[in-house]
Amino acid sequence: MRIGHSYDIHRLVSGRPLILGGVQIPHETGLLGHSDADCLLHAIADALLGAAGLSDIGQQFPDTDPAYQGADSQVLLQKVHALITQKGYCVVNIDATLVAQAPKLAPYLFAMRQNIARCLHILVEAINVKVRTHEGLDAIGNKEAIAAWAVCLIDQREPVQ
Ligand code: MG
């Protein structure tokens with residue numbers, strides 16, 4: 001068994017869709033980035049790559065590559081799943097925390113978990129996503145950014161399907 005963790009943060013700007021966990025969420029601002037800037041999926045992908053000793057998404061999918069401009073991060077997560085599968089690992093579970101002052105994300109968490117589970121070919125019960133505010137502090141608390149933390153466990157055995 002191997003453990004991995006990661007963190008990601010993206011700036012909130014007007015004129016961009018807000019996409020978290022592959023779910024488009026109605027909001028007046030969205031996350032800025034080369035891809036769809038889905039910080040939750042980026043944190044999860046980085047945690048999985050870290051657990052498998054495969055560096056990070058910046059190395060695997062460079063933001064200088066036009067192929068990833070506006071990319072759906074669910075596709076990146078599927079590619080990460082393929083990479084760790086090639087090394088003989090399956091995902092045991094993932095625990096993630098979104099930190100956002102606004103909007104309220106609780107109604108979307110189950111849909112996010114379903115997307116993540118589908119990308120990783122595991123049960124939705126193996127994915128946990130929590131959300132909390134930043135108590136009004138700093139850039140996240142000022143609604144200028146959204147961040148995500150993720151921890152994962154991978155193992156060299158068949159996944160529970
Ligand atoms: Mg990112």
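A: Let me begin with Leu 98, which touches Leu 20, Cys 39, Leu 40, Leu 105, Met 112, Val 129, Lys 130, Val 131, Arg 132, Ile 146, Ala 147 and Ala 148, not counting residues up to four places away in sequence; contact here means heavy atoms within 4.5 Å.

Q: What should I know about the model itself?
A: This is a predicted model, in which local features need pLDDT of at least 70 and side-chain atom pairs count only at pLDDT 80 or more, while totals for chains, interfaces and linings use all residues. Residues are numbered from 1 along each chain as its sequence is written, and side-chain values use heavy atoms, with hydrogens and water left out.

Q: Which residues touch the most other members of the largest nonpolar core?
A: Leu 20, Leu 48 and Leu 98 do, out of 50 residues in that core, a nonpolar core being a set of buried Ala, Val, Leu, Ile, Met, Phe, Trp, Tyr and Cys residues joined through side-chain atoms within 4.5 Å.

Q: And which element gives the most to this core?
A: Helix H1 does, with 10 residues; helices (H or I, at least four residues) and strands (E, at least two) are DSSP runs, numbered from the N terminus.

Q: Switching topic, where does Ser 35 lie?
A: Ser 35 lies in the loop between strand E4 (30-31) and helix H1 (39-51).

Q: Is Ser 35 buried or exposed?
A: Ser 35 has a relative accessible area of 8%, so it is buried, where buried means under 20%, exposed over 50% and partly exposed in between (1.4 Å probe, protein chains only).

Q: What does its side chain reach?
A: The Ser 35 side chain reaches the backbone nitrogen of Ala 37 at 3.2 Å, and it makes a polar contact with the side chain of His 42 at 3.3 Å. A polar contact is a pair of N or O atoms within 3.5 Å; within protein, one must be able to donate a hydrogen and the other to accept it, and residues adjacent in sequence count only if both atoms are side-chain atoms.

Q: What about Asn 115, buried or exposed?
A: Asn 115, in helix H4 (residues 109-120), counts as buried because its relative accessibility is 11%. Its side chain reaches the backbone oxygen of Gly 21 at 2.9 Å.

Q: Last one: why is Trp 149 classed as partly exposed?
A: Trp 149, which lies in strand E7, is partly exposed because its relative accessible area is 43%.
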